[in-house]
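Please open the model in a viewer and keep the selection panel at hand.

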Amino acid sequence: QFVPRGILRRISAELPCALRIAPHMPSITITLKALRELGLIPSVDLLRYKFGKTTGWYRRTVLPLTGQPGFTTAPLLFLSPVKPNSEKSIAKVGALLSGEVELFGAVKAPLDFSIPGRLQHWTFHEQAQIEGKDIKYFWEPARFCWVAGLAAAYSDGHDRKFFEFFSEKLSEFMLLNPPYQGPHWTSGQEAGIRLMNIALAASIFKEAVPGLSGILAVHAARIPPTMVYARAQRNNHLLSEAAALFTAGLVLPNHPEAEHWRTLGWRTFCDAVLDQFTSEGVYMQQSANYHRLVLQLALWVHSAAGTAGLSLPDGCLNRLAAATRHLLELCDPGNGAVPNLGPNDGAYIFPLTELPFADYRPVLQAAARAFLGGPAFEPGPWDDMSAWFGMPAVQGEKSLDLTSAKMFLHHPRCTTRASLRAAEFIHRPGHADQLHVDLWWRGMNLAADPGTYQYNADPPWNNPLVSAYFHNTITIDGHDQMTPAGRFLYVDRAQAKRRQYTNAIQAAEHDGYRALGLTHRRSLTPTPTGWRVEDAVFGQTGRSHRVRLHWLLLDHDWILDGRSLVLKTPEGPVKLKIEVPDEIGYTIGLVRAGERLIGLDAHPAAGWYSPTYGVKTPALSFSVEIETYAPVRFVTVWEFPEDA
C-alpha cells in the first residue's frame, strides 16, 4: 500500500523477464510453474531484486567509495605462483602482451574492455546481447582471469613489464567503465570474480598498484545490495559473490566495511555449500563445469581462511569432500576429461595451470589434497594448481584409491567405459538429459553430450542444446522431457529412478512423459565385444506414438548399412547397430553440422558438438524413429575391436 501502483504494474510486467520466461509460452501458467520451481523464498528474493532495480533504489544506495581515505591493502599470503615452464604458456603470455586474450579456454579475442554506445547506471544495461553479440564475450575479458599467466611470468625474474601491463589494463578498465556504469557492473558475480583475480595479481607483484584499495572497495561494495538476486538463483552466482566478499574483507583489513564483508561472505559461502551440494556430492546445477568452478571457489576460500586462522565447518568440509569424490568418478585419469554434462559456459576463473581447459585434473588434484587428505593422481603437471594454493607435491605422497567409482561402467575386455545419466533434480534443471548415455573409447568421447555453445545468440543458437532432442536418449511425439520456461529454466521436472547400479549393469527410468501416459526405461550392460543399451517405452495410451532414438557421435568417416553405422576411427572401426521389431517401419536420420545426409530435414543445431562456450565442431547425429503403439523396445549394440 506504500508503493505507487505504477511501479507495481512495472514490476509485475517485468517479472517474466526476471524469471527469463520464454515469451512464446502461456505467461500466467508458466510464470506460476516457474515460481513454484524456484520456491517461495527465492521468488520473494527475486521480487525484492526487481523492486530495487525498478524503483531506482540501487541507483541511490550503491555509491563509489574511492573518496574514503585511510585504508590499505594486504596481500593474500596463501598464493605461491608456479613459474611457466612450457613454450605454450610463454607464447600465451606473449600474445597477451600483444593484446590478445583466450576466452573460455579456446576462443582468441582482443583484450578489450570498451562497451559500444553511451554508458548509464548498470540497472539500465541488463540486456543479454550488445549490438547482436552475446554479453559473455564482453564480460569474459573483464573477469581478469588472464592475470594468472602474467603473475606466473612475473614470479620468474620479476620483470617489470608484466606488472606494468597489469597496472595499465586495470587503469584502462576503470577509465572505460567507471564504478557502476555500464554492463560490466550489472552482475555482482562478474564484479566478484574480477575482484578476486585483481587481488591475486596484486598479491604476486612486488610493486604498488595505483589506486588498488579504491578499485577493490568499489567492487566489494557492488555485491551486497543485490545478493538477493544471487540467493534467488541458488547456484554458483551466490558462491562466487560470497567468496569475493570474504576476499575483500581480507585484502582491505582497515576498510570500515571489512568486518561486515568478511563475516557476510564467510557465512554465506558455508551455508551455500551445504545448500547446493547433496551429501553424495552431487551439485545442484547438474553441470560438470559449474561443479569444477565451485571447487575452485572452495579451494580459494579454504586456503585464504587458513591464513586468517579460520577453518571451514566440518559439515561444509564433508560436502566438499563428497563433491570432490563425485567429480573424480566422472574424470578419466588418463587425460582429465569428463562428460560434457549440463550447462557449460567455459568458466575457469583461476586457470593456475598450463594444462588445457578440458583437463579437470589440476582442480581435482588440489581439491583432493584439500578435502580428501591426499592427491587423486600420481605426480604430474596437474600439480601446479595445488602448488599455487600452498599444497605442493610431497615426496612419497600416495594417491587415493578410486577403484570403487560407480558413475561409469568399465568394460572388462575393451578400453571403453560408459555411463547412464539418472538424475534426481533438486533445483532448476538446466538440461533435459535424463537417461543420456555417454560412451568413451581409448580417451575419445565417441557418444557425447552436445554441450552448450552459446546462451544469448540469435536463433537457432539461443541455447538449443539443452533439449533431449540433442542428447543420447529417447524423445516421444516431438516433446521434450520437461517444459521449457526460458533460457535457463525447465518446469514439470522429469525425475529419474535408479533401478540397478552395479559393476555389471546400470538401469533406470524417468517420468518425463507422464503427461502422455508413458515411461521411458533404459539399461546399459557390457557384452563380449562392447555395450548393449536397451530402451523400453511403456504405458497404456490407446494411440500410436512417434518414438525417436538419438545418438550424437564423434565426427569420423562412416558407412551406413540399414540400421548399422560403422565409424572409421584412427583406432579402428566401431560399429553401432540399432535393433527394432521387424514388423515396424522406421526412418533413419543422419545429420552432420546441421546438414541432412540421410532422412528428413533436421534442426540446424543438430550434428554439432560444443566442447566449450563459443566453440562448436561437426559431429554425427544418428537417429532412428518409429511410429507404433506402446510398449516400444529399441536395442542399441556397440561393437569395438578387442584390445591387443
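Does Glu 509 count as buried or exposed? At 13% relative accessibility, Glu 509 counts as buried, where buried means under 20% relative accessible area, exposed over 50%, and partly exposed in between, with a 1.4 Å probe and protein chains only. The model is predicted, so local features need pLDDT of at least 70 and side-chain atom pairs count only at pLDDT 80 or more, whereas totals for chains, interfaces and linings use all residues. Residues are numbered from 1 along each chain as its sequence is written, and side-chain values use heavy atoms, with hydrogens and water left out.

**Stop 1: Glu 509 and its partner**

A salt bridge here is a side-chain nitrogen of Lys or Arg within 4 Å of a carboxyl oxygen of Asp or Glu. The pair links distant parts of the chain, with Glu 509 in strand 13 and Arg 499 in strand 12, ten residues apart. Arg 499, at 46% relative accessibility, counts as partly exposed.

**Stop 2**

Next, display the open sheet of eight strands, whose order is 12-13-14-15-25-19-18-17 with antiparallel pairing. Its edge strands, strand 12 (496-501) and strand 17 (557-561), each pair on one side only. Neighbouring strands are turned by 15° against each other on average, direction ignored; the axes are lines fitted to C-alpha atoms, for helices over the stretch in contact, and angles run from 0 to 180 degrees between N-to-C directions. Helices (H or I, at least four residues) and strands (E, at least two) are DSSP runs, numbered from the N terminus. Two strands pair if DSSP finds at least two bridges between them.

Within this sheet, select residues 506-510 and 519-526: strand 13 and strand 14 pair there in the antiparallel sense over five bridges. Gln 506 stands opposite Leu 524 in strand 14.

**Stop 3: further salt bridges**

The structure holds 26 salt bridges. Select Asp 477 and Arg 543, whose closest N and O atoms are 3.7 Å apart in one of these bridges. Asp 477 lies in the loop between strand 9 (474-476) and strand 10 (483-486), and Arg 543 in the loop between strand 15 (530-538) and strand 16 (544-553), so the pair ties together parts that are 66 residues apart in sequence. Asp 477 counts as buried at 16% relative accessibility, while Arg 543 is partly exposed at 39%.

Then move to Asp 359 and Arg 361, joined by a salt bridge of 2.6 Å, N to O; both residues are buried.

**Stop 4: the nonpolar cores**

Select Trp 146, Phe 166 and Trp 300, the residues with the most contacts inside the largest nonpolar core, which has 137 residues. Such a core is a set of buried Ala, Val, Leu, Ile, Met, Phe, Trp, Tyr and Cys residues joined through side-chain atoms within 4.5 Å. Helix 14 supplies the largest share of this core, twelve residues. Beyond its neighbours within four places in sequence, Trp 300 is in contact (heavy atoms within 4.5 Å) with residues including Leu 76, Met 196, Thr 247 and Phe 389.

**Stop 5: helix 13**

Finally, select residues 258-276. The 19 residues of helix 13 should span 27 Å at 1.5 Å a residue, and its end C-alpha atoms are 26 Å apart, which agrees; the expected span is 1.5 Å times one less than the number of residues. Among the buried residues of helix 13 are Trp 261, Trp 266 and Phe 269. What covers its buried residues includes helix 12 (236-251), helix 14 (288-307) and helix 15 (314-330).
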